[in-house]
Amino acid sequence: MKILITGGAGFIGSHVVRLFVNTYPNYEIVNLDKLTYAGNLANLKDLETKPNYRFVKGDIVDAGFINTLFETEQFNAVIHLAAESHVDRSITNPLEFVMTNVIGTVNLLNAARTLHKNNPEQFKRFYHVSTDEVYGALGDEGMFVETTAYDPHSPYSASKASSDHFVRAYHDTYKLPCVISNCSNNYGPNHFPEKLIPLCIHNIQNSKPLPIYGKGENVRDWLFVIDHARAIDVIFHNAKEGSTYNIGGHNEWKNIDVIRLLCRMMDKKLNRPEGTNEKLITFVTDRAGHDLRYAIDATKLKEDLGWVPSVTFEEGLNLTVDWYLNNKEWLQNVTSGDYQHYYEQQYTHR
Ligand code: NAD
Ligand code: DAU
């Protein structure tokens, strides 16, 4: 089986590529990535010499390039993760999110449709990796299930919702063998330090302010990234065509509580007196349109396919902090260049 994984140099994609390359030596894995600010080949250094792994640099928005790639490579399946993924950036530059997340996805669907039309036996699966943010925001009660109506609020979630609709449309209209999963917030190694957890790990290390939007009472449902990759593996191999699965760790936390836990954990690891890091917490202007609460009901995935998370939040966070403390060069590299400029702009426009 020759599988195209898009966005494999990013945070989640790198864990999915590693899992597939190491678990399935008989599969040929082609990683297509544009290497935007969020893509980093250092995330996959250990795979460079693997005979069943190949990297291709390219842009999913370029339809000509995508069509030629599919014609040449004759993939058997696609796992599509490439996207613009950061909500705050989507507020500043929505069109980039439309281009990559919507147009890029439709380009891949068109190329896959041609392969499937020419040889339905050969092209087996188009797996679209999506987000729980398409469902909008919850109040204090309830959870998102697979049938929750779409109600996206940010330009990011609107673009992901649109791409989900196109994937379903290609399944219903052209019988393309599609599957979608919608996952909650991931955390773990290789996470770009613009997202809450890696940003705060980075800032604690450097004794810089920890920016908490609003009162820090928004709730997110956190899942260790390797558990997400495991779920993608199970769904890719076993889900029925046209189905959707929610993925989540049943692990809801208010943002302020996550950061307090992180501060305590890092006081110990950095040998700082208890309470030192909490003093860095700084409440800043809220994110526009900030969704109050996300919570995923992943019962269908557990009951149909037997998937459950493998680590608790405390275990996963502990592994994550250790990874960042042991990979200072990675952090140094991704925060050089434009990073400082972006980061400063973030807080002056509020
Ligand atoms: P990321 O930003 O870390 O990585 C995205 C990758 O896509 C990068 O390697 C980037 O270079 C690549 N890319 C961007 N534009 C491209 C283009 N035009 N052509 C080719 N490659 C391009 O994102 P992530 O957090 O790893 O998210 C991966 C996927 O999972 C996304 O589709 C996202 O919507 C979804 N998702 C993320 C989370 C989360 O918590 N991070 C949760 C649920 C779903
Ligand atoms: O739910 C899945 C989604 O989770 C994914 O689809 C997105 O790609 C991913 O980025 C993530 O979106 P969030 O907006 O929830 O993640 P982020 O880390 O940006 O923010 C988490 C929470 O923390 C959110 O309530 C906003 C808040 N926050 C974020 C940042 C960056 C802060 O309080 N301060 C910050 O500096």
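Trainee: What makes the link between the side chains of Glu73 and Lys2 a polar contact?

Mentor: This is a predicted model, and in it the side chains of Glu73 and Lys2 are joined at 2.6 Å. The cut-off for a pair of N or O atoms is 3.5 Å, so the pair qualifies as a polar contact.

Trainee: Which residues is Glu73 in contact with, leaving aside its neighbours within four places in sequence?

Mentor: Lys2 and Arg54. Contact requires heavy atoms within 4.5 Å, so both residues have heavy atoms within that limit of Glu73.

Trainee: Why is Glu73 called buried?

Mentor: Its relative accessible area is 12%. Buried means under 20%, so Glu73 falls in that class. As for its place in the fold, Glu73 belongs to helix α2, residues 63–73.

Trainee: How do you know that both faces of strand β8 are covered?

Mentor: Strand β8 spans residues 210–213. Leu210 and Ile212 lie on one side, Pro211 and Tyr213 on the other, and all of them are buried. Each is therefore under 20% relative accessible area, and neither face is left uncovered.

Trainee: What makes β8 and β13 a pair of strands?

Mentor: 4 bridges join β8 to β13, residues 281–284. Pairing needs at least two bridges, so the two strands pair. They run parallel, and Tyr213 stands opposite Val284 of β13.

Trainee: How do you know that Lys160 makes a polar contact with ligand 1?

Mentor: An N or O atom in the Lys160 side chain is 2.7 Å from an oxygen atom of ligand 1. The limit is within 3.5 Å, so this pair counts. An oxygen atom of ligand 1 is also 3.0 Å from a polar backbone atom of Thr36.

Trainee: How much of the accessible area of ligand 1 does the protein cover?

Mentor: The protein covers 96% of the 840 Å² that ligand 1 has on its own. Elements giving two or more residues to the shell are α1 (11–23), β5 (125–131) and α5 (155–174). The largest share, 3 residues, comes from β5.

Trainee: How many residues surround ligand 1, and which are the closest?

Mentor: There are 28, the closest being Ile12, Asp33, Ser85, Tyr156 and Lys160. By class, the shell holds 12 nonpolar, 12 polar and 4 charged residues.

Notes:
Residues are numbered from 1 along each chain as its sequence is written. Chains are lettered from A and ligands numbered from 1 in the order in which they are written. This is a predicted model: local features need pLDDT of at least 70, side-chain atom pairs count only at pLDDT 80 or more; totals for chains, interfaces and linings use all residues. Side-chain values use heavy atoms; hydrogens and water are left out. Buried means under 20% relative accessible area, exposed over 50%, partly exposed in between (1.4 Å probe, protein chains only). A polar contact is a pair of N or O atoms within 3.5 Å; within protein, one must be able to donate a hydrogen and the other to accept it, and residues adjacent in sequence count only if both atoms are side-chain atoms. A residue is near a molecule or strand if one of its heavy atoms lies within 4 Å of it. Accessible areas come from the Shrake-Rupley method with a 1.4 Å probe; for residues, only the protein chains shown count as cover. Ala, Val, Leu, Ile, Met, Phe, Trp, Tyr, Cys and Pro count as nonpolar, Asp, Glu, Lys and Arg as charged, and the others, Gly among them, as polar.
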